[in-house]
Amino acid sequence: MSSTSDSHRLDAELAALASFSESPPPAVTRIVFGDMDRRARAYLKTLFGDASLVVREDAVGNTFARWPGRNPELPAVATGSHCDAIPNAGRYDGTVGVLGGLEAIRALQRAGFEPRRSIELVLFTSEEPTRFGIGCLGSRLLSGALEPSAGETLSSDGQSLNQVRRAAGFNGALEHVALSPGAYSAFVELHIEQGPLLERERIDIGVVTAIAAPASLRIIVEGQGGHAGAVLMPDRHDAFLAAAEIALAVEASARSTGVVDTVATTGVCEVFPGAINSVPSRTRLDVDVRDIDLLRRDAVLAAIERACGEVKARRGVAVRLEPINADPPAQCAPAIREAITTACESRGLRHRPMISRAYHDSLFMARIAPTGMIFIPCRDGVSHRPDEYASPEAIAHGTEVLADTLAALAK
Ligand code: GLV
Ligand code: MN
Ligand code: MN
């Protein structure tokens with residue numbers, strides 16, 4: 001059984017999906033539960049229906065599109081990804097796994113394949129942390145890694161997750177989101193690499209072996225505000241300058257491991273009151289730290305905490321650290337890696353094992369199902385930018401390998 005991806009159709013669908021954006025093209029911004037996210041979901045659900053998939057949504061908006069198998073009682077084989085996009089992003093992150101997953105299913109349907117297990121496409125809610133401060137919201141809840149009480153504790157602009165999701169039409173109790181153990185016999189996610197290795201080495205497919213351990217924290221610095229002209233320099237306790245030193249310490253802490261796998265980023269800096277003629281009284285930093293090695297990642301977090309203490313004492317400011325998440329890495333299942341590798345070989349595609357430095361919903365799906373990931377090259381390794389690009393050919397390779405893998409796991 002050999003299926004072929006319809007590249008033209010998939011490319012047109014990726015373009016159509018990219019048009020649901022809060023920023024002008026080529027940038028894509030699609031924040032979870034915003035108007036564009038809702039329109040993108042509606043578009044995707046139409047496509048799922050056109051492929052005769054049976055669609056269900058849960059209380060947090062995870063959307064499941066099922067192709068029933070010959071033996072529907074068996075645990076299904078699942079694939080999928082996300083369609084939310086961080087501010088000023090591109091069109092391929094997540095969407096290649098959703099639309100590519102759909103095209104893999106359609107390709108198998110066209111080839112006359114009749115799966116024994118059902119094959120389920122999952123559109124995860126809020127893989128990006130933009131709105132609620134924590135990534136992989138939907139898959140955390142699905143896997144039981146996040147308590148349903150998050151509906152009240154997580155918030156966005158003063159509204160709880162529960163209020164926001166209900167306003168977007170997702171009702172019901174978050175207690176019902178977690179999947180029962182064994183719900184899926186396998187989960188496979190197709191994604192762009194978001195790094196340069198595949199393109200540089202002219203390799204078609206990355207077979208992911210493990211996903212790096214992500215952590216994030218919020219750092220609130222409280223200093224003393226005042227008039228920018230009147231407060232004398234020796235008297236200042238400038239919250240932004242203290243935060244700036246902390247941001248530099250974040251960088252230094254990651255660099256100090258001497259290992260390329262350690263990365264740390266201060267991606268958010270909010271200065272209050274944010275007036276040119278006012279000494280900043282409060283600054284918030286959001287910091288992201290990752291490593292494939294959990295102990296080394298945690299050592300960096302500890303170094304950042306020490307730096308905060310040092311800056312606090314020297315500058316006479318208050319510093320509060322609020323951990324957001326600190327997740328262990330995930331290992332991909334050998335059986336799924338093997339199925340992906342076999343698919344690459346039967347199609348004559350070059351492949352290599354690789355680590356995912358970005359996190360994905362697979363990080364959490366790996367807790368409840370044997371999981372694997374298929375990476376395809378993206379131009380210059382660029383991602384989370386408007387110029388993110390994956391060629392139709394690369395996407396077709398990924399989609400076809402995904403189709404073969406799903407077929408092998410569902411037959
Ligand atoms: C996912 O988007 C990540 O930040 O790794
Ligand atoms: Mn992303
Ligand atoms: Mn992604």
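In what sense do β10 and strand β17 (residues 330–331) pair, and over how many bridges? The sense is antiparallel, and β10 and β17 share two bridges; strands count as paired if DSSP finds at least two bridges between them. Strands (E, at least two residues) and helices (H or I, at least four) are DSSP runs numbered from the N terminus.

The model is predicted, so local features need pLDDT of at least 70 and side-chain atom pairs pLDDT 80 or more, whereas totals for chains, interfaces and linings use all residues. Residues are numbered from 1 along each chain, ligands from 1 in the order in which they are written, and side-chain values use heavy atoms without hydrogens or water.

Strand β10 (residues 205–211) has seven of its seven residues buried, that is, under 20% relative accessible area with a 1.4 Å probe, protein chains only. Its pairings are listed below.

| Partner of β10 | Sense | Bridges |
|---|---|---|
| β18 (residues 351–356) | parallel | six |
| β19 (residues 371–376) | antiparallel | two |
| β17 (residues 330–331) | antiparallel | two |

I205 has H351 as its bridge partner in β18, V207 has I374 in β19, and A210 stands opposite Q331 in β17.

I340 touches, among others, I205, V207 and I374, contact meaning heavy atoms within 4.5 Å.

The manganese ion (ligand 3) has H82 (NE2), D93 (OD) and H191 (NE2) as protein donors at 2.0 to 2.2 Å; donors are N, O and S atoms within 2.8 Å of the metal (3.2 Å for Na, K and Ca). D93 also coordinates the manganese ion (ligand 2), 3.7 Å from ligand 3. Both D93 and H191 are buried.

How values were computed
Buried means under 20% relative accessible area, exposed over 50%, partly exposed in between (1.4 Å probe, protein chains only). Lists of a residue's contacts leave out its neighbours within four places in sequence.
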